[in-house]
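The stops below are given in the order in which to select them.

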Amino acid sequence: MSEQWTPGYLDSDLDGVHADTFAVRGGQRRSPEGEHNEALYLTSSYVFGSAAEAAATFSGERSGNVYSRYTNPTVRTFEERLAALEGAEQAVATASGMSAILATMMSLCKGGDHVLVSQSVFGSTIGLFDKYLKPFGLEVDYVPLADADAWRAAMKPNTRMLFVESPSNPLSELADIPALAEVAHAKGAMLVVDNCFCTPILQQPLKLGADIVIHSATKFIDGQGRCLGGAVCGQAEQMKELVGFLRTCGPTMSPFNAWVFLKGLETLRLRMQAHCASAHSLALWLSEQPGVTRVYYSGLPSHPQHELAKAQMSGFGAVLSFEVDGGKEAAWRFIDATRIFSITANLGDAKSTITHPATTTHGRLSPEARAAAGIGDGLIRLAIGLEDVRDLQADLASGLAAL
Ligand SMILES: *Cc1c(COP(=O)(O)O)cnc(C)c1O
């Protein structure tokens with residue numbers, strides 16, 4: 001019976017289709033029940049027809065599932081579809097975005113290696129490097145994201161990896177991915193890109209020269225704020241190391257979450273297009289409003305890396321920030337005057353969110369460190385969801401009226 005669930009059962013019918021078609025139909029393991037929608041294989045382990053079959057499966061002579069820390073059909077379908085969208089040989093799913101980063105570091109680096117990390121990465125990513133990886137002998141240096149020369153200058157003989165997020169949060173700075181790939185490859189290092197803000201719909205780092213792509217599926221891949229998950233995409237040879245780490249250490253994706261993310265992938269392109277269209281129109285509108293001193297969005301011609309954004313992204317994303325006159329008090333009045341935007345630091349949801357970075361996501365930094373990171377007291381970050389953009393604009397107008 002297990003033969004009818006052979007991995008890739010439908011793949012042969014899909015030869016030559018585009019990634020978007022694969023994202024809806026690829027890799028489905030249809031059971032003998034004939035279900036149309038993907039089955040949720042909510043099982044921790046698997047049974048064998050005989051002792052001999054069990055022995056052959058455990059030894060790897062025969063392919064098949066053993067235990068869901070190793071493989072699960074629902075999780076594998078998600079991995080195959082995400083890999084197709086990223087143009088990767090293989091994707092490996094993880095329990096969260098943070099465990100995707102942890103698994104990457106644990107399986108591709110070792111004590112004594114040096115890694116260069118963008119100064120503007122997710123806060124927990126900095127915590128992972130500083131608090132947990134440095135004590136195991138990883139050397140870590142932080143580099144300004146947009147300055148390719150600074151990356152080149154910071155390379156050491158033992159540099160194994162360059163790690164970036166692009167665009168950055170909350171100021172929408174970009175890494176020049178092809179330039180950083182060149183810097184890395186000239187010294188035999190890998191470029192890793194956290195592609196959470198773009199998803200493969202807006203940016204495909206592997207095609208731009210990166211070696212590894214990391215996702216927090218929690219954000220746009222789910223898209224409706226339900227589940228935590230993550231993924232790492234790259235060449236089969238590297239992913240083999242990742243699979244080994246996950247099998248042994250366990251931060252694998254839950255089959256239930258994989259099933260939710262499969263539904264997310266089916267609508268990802270449509271959702272990203274809608275997120276981007278609304279964010280772009282609100283960024284343009286905000287940039288014309290008195291009281292707004294600056295808008296940070298790579299889709300605006302005034303953005304210093306607008307040309308790079310057009311070259312390496314097919315849309316400018318759902319996240320934008322702006323500064324209001326009057327510092328923290330004004331920013332808080334603005335935020336409290338909105339009624340549709342949710343006051344939360346989350347993003348990648350159908351529901352739009354509004355955040356005051358200086359007192360939340362970046363609140364633990366010293367005032368000097370915050371200033372160095374460009375996080376002003378009047379800065380407000382928006383992550384644009386899927387509501388009617390006219391209502392969002394009216395909500396922001398209420399915020400402006402409260403300044
Ligand atoms: C949220 C986020 C993460 C962490 O993902 P979790 O799924 O919350 O663990 C990593 N990188 C970026 C850019 C994120 O926004």
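A residue is called buried under 20% relative accessible area, exposed over 50%, and partly exposed in between (1.4 Å probe, protein chains only). This is a predicted model, in which local features need pLDDT of at least 70 and side-chain atom pairs count only at pLDDT 80 or more, while totals for chains, interfaces and linings use all residues. Residues are numbered from 1 along each chain as its sequence is written, and side-chain values use heavy atoms, with hydrogens and water left out.

**Stop 1: a loop residue on the surface.** Select Leu 42, in the loop between α1 (19–25) and α2 (51–59). Helices (H or I, at least four residues) and strands (E, at least two) are DSSP runs, numbered from the N terminus. Leu 42 is exposed, at 61% relative accessible area.

**Stop 2: the open sheet.** Now colour the strands. Seven of them form an open sheet with mixed pairing, in the order β1-β7-β6-β5-β4-β2-β3. Its edges are β1 (90–94) and β3 (139–143), each pairing on one side only; two strands pair if DSSP finds at least two bridges between them. Within the sheet, select β4 (residues 159–165) and β5 (residues 190–194), which are parallel and share five bridges. Glu 165 lies opposite Asp 194 in β5.

**Stop 3: a buried loop residue.** Go to Ser 172, in the loop between β4 and α7. Is Ser 172 buried or exposed? Ser 172 is buried, with a relative accessible area of 5%. Show what surrounds it: beyond its neighbours within four places in sequence, Ser 172 contacts (heavy atoms within 4.5 Å) Pro 167, Tyr 296, Tyr 297, Ser 298, His 303 and Val 319.

Strand β8 (residues 292–296) runs antiparallel to β9 and is joined to it by four bridges. Strand β12 (residues 379–383) also pairs with β9 in the antiparallel sense, over five bridges. Finish on Phe 322: this residue is the bridge partner of Val 295, and Phe 322 also stands opposite Ile 380 in β12.
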